[in-house]
Amino acid sequence: SRPPSVKPDDEQPGASGFLPFPEYSALNSRVRKLVSAFQRENKKEIERQQAKEKREERRERIEQVMREREKQKVEQQQRKWSRREESNFLKTILAFGVDK
């Protein structure tokens with residue numbers, strides 16, 4: 001429902017075929033818009049990078065906890081005697097007795 005775009009008279013190409021150079025206020029407005037758009041995109045990129053780093057740190061912490069738990073489990077299994085070792089020990093104690 002917009003009317004067809006018609007260039008105002010001051011934006012019509014001149015005799016040389018070029019558009020007139022924009023006014024100071026128009027240039028200033030365009031620069032401000034460019035700077036604010038850059039700042040918005042830069043802020044979004046920084047936030048994305050921080051979120052990615054946070055996810056990686058969380059993943060590393062979880063992996064560290066899992067490695068620690070696995071290490072403790074292996075150590076516990078190594079400390080615990082097998083059934084054969086335990087039965088041999090009990091047979092030895094029963095056979096020879098224990099001096100107090």
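Two housekeeping notes. This is a predicted model, where local features need pLDDT of at least 70, side-chain atom pairs count only at pLDDT 80 or more, and totals for chains, interfaces and linings use all residues. Residues are numbered from 1 along each chain as its sequence is written, and side-chain values use heavy atoms, with hydrogens and water left out.

Okay, salt bridges. How many salt bridges are there? The count is 3, taking a salt bridge as a side-chain nitrogen of Lys or Arg within 4 Å of a carboxyl oxygen of Asp or Glu.

Glu41 pairs with Lys44 at 3.7 Å, N to O. Those two sit 3 residues apart in helix α1, so about one helical turn separates them. By the way, helices here are DSSP runs of H or I with at least four residues, while strands are runs of E with at least two, numbered from the N terminus.

Next, Arg48 bridges to Glu45, with the closest N and O atoms 2.9 Å apart. Again, they are 3 residues apart in helix α1, about one helical turn. Then there's Arg59 with Glu63, at 3.2 Å, N to O. That pair is 4 residues apart in helix α1, also about one helical turn.

Now the rings. There is 1 aromatic pair. The ring centres of Trp81 and Phe89 are 5.1 Å apart and their planes meet at 70°, so the pair is edge-to-face. For the rule: centres must lie within 6.5 Å, with planes under 30 degrees apart called stacked, over 60 edge-to-face, and the rest tilted.

That's me done, thanks!

Conventions
Phe/Tyr/Trp six-rings, centres within 6.5 Å; stacked < 30°, edge-to-face > 60°.
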